[in-house]
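Dear colleague,

I am handing over the structure we spoke about, and my notes on it follow below. Please read them with the model open beside you.

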Amino acid sequence: MGCFSYHCKECGEAIREKEGVKLYLLHEGKVLEEMEGNYTLYGEVEGKEWKNDIDKIFDLHFNNFRNDGIAAIHSDCFDGTLPTTSSEDDEEQGDGKAKHAKSKKSTHTYYKPIIKSKRDIERDKGLEDLGDRMSKTIAEAEKFLEELKKKK
Ligand SMILES: [Zn+2]
């Protein structure tokens, strides 16, 4: 799913290709899906794919809310505490030599679909209202132009 790179929530270092990592898809601080394995640099681990709709995952990734998006933790940094906020992006795109251990397993667990929150619903409603107002304005402008033509 495009080139995604993160900083580990525990050690703060960039997560590099083929390092063992745990990835958590978060929405409002809750884990919807998780996977563990060797990182691919594409926001997933080798041989696993997110089950949630990719467009919705992008929404969570880019909406700027810290408790939405993907949290990444090296498998050898993980202390058993589930993350509630997403990872910082790595500007270097995960470039560099792997330092952390490879993962011995490759797992994926799906818990819940992404369901729009009240906040998202309000935002979408706002956009819809704006769209309605704009179409109305355009229709009025067209009508006005028609009338102008008739007067000629
Ligand atoms: Zn780490």
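In the protein, 69% of the contacts with a separation of 6 or more are between residues 24 or more positions apart, where two residues are in contact if their C-beta atoms, placed from the backbone, lie within 7 Å. Please keep in mind that this is a predicted model, in which local features need pLDDT of at least 70 and side-chain atom pairs count only at pLDDT 80 or more, while totals for chains, interfaces and linings use all residues. Residues are numbered from 1 along each chain as its sequence is written.

As to the overall layout, the protein has 2 helices and 4 strands, which follow one another from the N terminus as β-β-α-β-β-α; helices (H or I, at least four residues) and strands (E, at least two) are DSSP runs, numbered from the N terminus. The radius of gyration is 22 Å, whereas a compact globule of 152 residues would have a value near 15 Å; the radius is taken over C-alpha atoms, and the globule rule is 2.2 Å times the number of residues to the power 0.38. Along its principal axes, the C-alpha trace spans about 80 × 30 × 25 Å.

Buried residues make up 28% of the 152 residues, and here a residue is buried if 20 or more other C-beta atoms lie within 10 Å of its own, exposed if 12 or fewer, and partly exposed in between, with C-beta atoms placed from the backbone. Helix α2, which covers residues 118–151, has 0 buried residues among its 34. From its first C-alpha to its last, α2 reaches 50 Å, close to the 50 Å expected at 1.5 Å a residue, the expected span being 1.5 Å times one less than the number of residues. Lys152 lies in the segment after α2 and counts as exposed because it has 4 C-beta neighbours inside 10 Å.

Most residues other than glycine have a negative phi. Leu41, however, has a positive phi of about 75° and is found in the loop between β2 (30–38) and α1 (54–62); with 17 other C-beta atoms within 10 Å, Leu41 is partly exposed. Asn64 likewise has a positive phi, near 70°, and is found in the loop between α1 and β3 (69–74), where Asn64 counts as exposed because it has 8 C-beta neighbours inside 10 Å.
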